[in-house]
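Hi,

Here is the structure I promised to pass on. Have it open in your viewer while you read, and my notes follow below.

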Amino acid sequence: MRQLTATALETAKVLGATYADIRIIETRQQDISIKNGSIGGIGDNYDMGFGVRVIAAGAWGFASSAIVTKAEIDRVAAQAVSIAKASARVKAADVRLAPEPVCTDRWQTPYVIDPFTVSIEDKLALLYRIDKILRKDKRIRVASGGMSFKGEHQWLATSEGTFIDQKLLRSGAGYSATAVKDGEAQIRSYPASFRGQYATMGYELVTSLKLEDHADRVREEAIALLTAPQCPSGKTDLILEGHQLALQIHESVGHPSELDRVIGMEANYAGTSFATLEKLGKFRYGSDIVNLVADGTAPTGLGTIGYDDDGVRAQRWHIVKNGIFSGYQTNREVAHVCGDERSRGCCRADGWSNIPMVRNNNLSLMPGDWKLDDLIADTKKGVYMLTNKSWSIDQMRLNFQFGAEIAHEIKNGKLGRVFRNPTYQGITPEFWGSCDAICNEDHWILWGVPSCGKGQPGQTAEMSHGAAPTRFRNVTVGIVK
Amino acid sequence: MLTKQQAKKICDKVLGFSKAAQTEVILTDTDSALTRFAKNTIIQNVSTKGIDLSARVTAGKCVGRASTNCLDDASLKAMVQQAIAQAKAERPGAEIPPMVGPRKYQKVDNFREATAALTPEARADAVAYIAGKCRAANVECAGAHSSSTGIMVLANSKGMFAYDLGTNAEFSVTVLTADSAGWAEGANRDCTKIDTQRLCDVAFDKAMKSRNPQPIAAGEYTVVLEPAGVTDFLMYMARGFSAQAMQDGTSFLTGRMGKKVLGENITITDDAYNPEITGLPFDFEGTPRQSLVLVEKGVPKNLVYDLKSAKKDKTKSTGHALPQPNTIGGYPTNLIVDAGNSSLEEMIKTTKKGLLVTHFHYTNLAERREVVLTGMTRDGLFMIENGEVARPVTNMRFTESTLRALSNVELISRDRIFAQAFFGGGFLVPAMKINKFNFSSETKF
């Protein structure tokens, strides 16, 4: 690999690049899913390629190819330089990278069981058993379950002398049951919606989830939702379970703190951010108990890496500290904009074929002191929403509206009726400002988000958000129209 | 880029390596490029060459699929073996329909030389125009200019072989002032048909006209939706047209086929052969793609089928299969809303009080049965008063049933655009004037 990477760096330099890097990536991904006892999707994908990123004439150029040969690397490196020179036709200032120590290192995701060594028969056998439990009742018309495993071997070499050899491994699993009657359809999922729980772990993730143990409950809850009343409309206290809160963190804190968005680099697509530069260190993002920490080193996080695609070591820092907006997510290109001398290590690309950009890191709401039972007992009137179903947030990341799979009424400190189609709406700083109780670490789970979209061309990235059930006061719920 | 002959040779090689009862190969080879700009500067400029090859094998009621982007013999053999091993590991599931034999496909010319030849320099020149204009006006632009050329090839052990060579180009631009934004987008297989300068001017003018927006109260309004806004409705209805969703009971059309669900003036077809929206003439099982009227004068008439869902309903595939195996069934990828006889100008002129919406942001499904969507207005929201665009207003969140909205359409434009949806998809859509459209909450920008 050293020889191949050297080819790209030398070619780029000879042609006038002032900076160059090459990432060669080899990926194996296995996906298995079943629907109503039959294969719903199956695939074993092998993929290899490389991308060359250069700065020439003060502007970026990037080219990539699936043909990993010395001649193709030579061609693609030259193409990247040529593209950079075309970029320079429309530039306001030269690209400037925050300094980063030169580094040679190896890093790999810790895991116990290599998921690719577990037989497909064993994986399918578990999914078939769950399917059988879910379809015990004929009102369950669609039972789906799946697993996904991805191993990625990355080599990064830069013209500054950095060389990183990194192996990442992630696993995921989950299932759902959809109950149908008279045109109504309701879904329940475990351990999370949208394909389940994901983590940088081996097959031990799947066994740790105890998937079969929850299948009876999931089936019965889906059926109960068919006849449950609609979530009432109005203002009330809201307790969000961890998975729903993870999406709330992702959308209303993660994306707004990506510094490239703040300065307008996503303006044409995903939007900008209300968390503008003058707010750093001053703006009240939430109540005093709100502490949100970005952490590229968090064990099992989907965004947990040794080094990002700029070659920057993973870090941990506050985005919101004691309710005050305290930090951005950055890469080497934009770090200087907020006065940082060093990148926070958030530069990641979707595979070899895409250019790296600022991506959400693992970002978590730090646990509080409450036990869930005590929190519910302390809530006179409210709703407890679980498992994300729908999400939408504006282009400044202020006005959001989310939906959950299920809600429980809270009346005089006790859980009551089940509500279907629960939704809630708010404005980001007002919402986080209404946070008055967070459950403790016993309830805290790091939830994986395996498919965060951003950029043009569209890229997918993975990250995790840790959360425990949390209470928000006087929130608008039950928006059906 | 692989030629048709080279592609066929690779497919034949893979088929030759397989001893499975049935084998299918999907091969893509794509060159794509994109210039991205923001803050009046090109911030990303990329070119990618990607190949992907996958094999699906079936053995009785079992199926396997594996893929690779390495085309050497050893990699291809390993891929086939991987797929066969998967199939052997399974318990027999639902019956898998036999793969199709050789078919004749309608000729569709999806390739445009100018798009294939578009250079980074030419893309930069298009960006330079709006960057210069914005710099002079002390405002900022952002956007993307992209092009791609690719082949889609299908072959199977029954002798089916399908090949398409196509190009795509797109230009989208946002202009931002301190308190407003304007946006425009164009997409076409032929990049010369996209008037990038006109799109830039539209976005610029809209940004200028939407400065100093004033808040208004959420509630029901008559809206004049530019075509991009209409796209969101189609995107979330599309899956409901799948016969598989109907069989599962999860389609919004469950129990509603043949009954009026949309307005009398709404007709929706799926047509890959419309010259303004040409798509693939075959689906991912090799079945020729049919043109279908899905909703006629507000009444759902047809569903889209793949082989499996067709077998269950004892009918034929309509040529709308996605790559198998999947849980979705057929899917309409070329949705077209019938044009009306109005214009954007007439819609505004006939509106006493209403809102002109440029497009929506981050729309998502809030409720399935009535296809209730929620999303934000974006890049230019204007109050219409007494038949004129009176003033800009701050953005609002809508929460509205698609079925209700498309039952309250008063006017539909003659002109239609090819529009891409927020997370992909392509539709031919007109502008619409819709009464009683619900906005559920407000913003301050």
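Let's start with one pair of residues: Val293(A) has Ser364(A) in S15(A) as its bridge partner. Before going on, note that this is a predicted model, in which local features need pLDDT of at least 70 and side-chain atom pairs count only at pLDDT 80 or more, while totals for chains, interfaces and linings use all residues. Residues are numbered from 1 along each chain as its sequence is written, and chains are lettered from A and ligands numbered from 1 in the order in which they are written.

**The sheet around that pair**

Strand S10 (residues 292–295) of chain A runs antiparallel to S15(A), and three bridges join them. Strands and helices here are DSSP runs numbered from the N terminus, with at least two residues (E) for a strand and at least four (H or I) for a helix. Two strands pair if DSSP finds at least two bridges between them. The open sheet has four strands in the order S12-S11-S10-S15 (chain A), paired antiparallel. Strand S12 (324–325) and strand S15 (363–365) of chain A are at the edges with a single partner strand each, so one side of each has no neighbour in the sheet. Across S10, strand S11 (316–321) and S15 of chain A lies helix H6 (residues 242–254) of chain A, at about 120° to S15(A). For such angles, axes are lines fitted to C-alpha atoms (for helices, over the stretch in contact), and the angle runs from 0 to 180 degrees between N-to-C directions.

**Domains**

Chain A is assigned domain 1 (2–227) and domain 2 (234–477); bounds like these come from an automatic or database domain assignment. The centres of the two domains of chain A, taken over C-alpha atoms, are 21 Å apart. Their contact takes 41 residues from domain 1 of chain A and 36 residues from domain 2 of chain A, where contact means that C-beta atoms, placed from the backbone, lie within 7 Å. Strand S6 (residues 163–181) of chain A gives the largest share of the domain 1 side, five residues. That side divides into 19 nonpolar, 13 polar and nine charged residues. In this count, Ala, Val, Leu, Ile, Met, Phe, Trp, Tyr, Cys and Pro are nonpolar, Asp, Glu, Lys and Arg are charged, and the others, Gly among them, are polar.

Chain B is split into domain 1 (4–200) and domain 2 (213–445), with 24 Å between their centres, again over C-alpha atoms. Here 27 residues from domain 1 of chain B and 25 residues from domain 2 of chain B make the contact. On the domain 1 side of chain B, S6(B) gives the most, with six residues.

**Where the chains meet**

How many residues of chain B are in contact with chain A? The count is 78 residues of chain B against 72 residues of chain A. The largest share of the chain B side, 11 residues, belongs to strand S2 (residues 41–59) of chain B. By class, the chain B side has 29 nonpolar, 35 polar and 14 charged residues.

Strands pair between the chains too: strand S2 (residues 38–56) of chain A and strand S3 (residues 62–68) of chain B are parallel, with three bridges. Tyr46(A) stands opposite Thr68(B) in S3(B).

There is also a helix contact between the chains. The axes of helix H2 (residues 70–87) of chain A and H4(B) come within 9 Å and cross at roughly 20°. That makes H2(A) roughly parallel to H4(B); the cut-offs are under 35 degrees for roughly parallel, over 145 for roughly antiparallel, 65 to 115 for roughly perpendicular, and oblique for the rest. Ile83(A), Ala86(A) and Ser87(A) in H2(A) meet Pro120(B), Glu121(B) and Ala124(B) in H4(B).

**Helix pairs within chain B**

Helix H4 (residues 120–136) of chain B also packs on helix H5 (residues 196–209) of chain B, with axes that come within 9 Å and cross at roughly 25°. H4(B) and H5(B) are therefore roughly parallel. Ala126(B), Tyr129(B), Ile130(B) and Lys133(B) in H4(B) meet Thr196(B), Gln197(B), Cys200(B) and Phe204(B) in H5(B).

Helix H1 (residues 4–17) and helix H2 (residues 73–89) of chain B pack at about 50°, with axes 9 Å apart, and are therefore oblique to each other.

Cheers

Technical notes
Contact = placed C-beta atoms within 7 Å.
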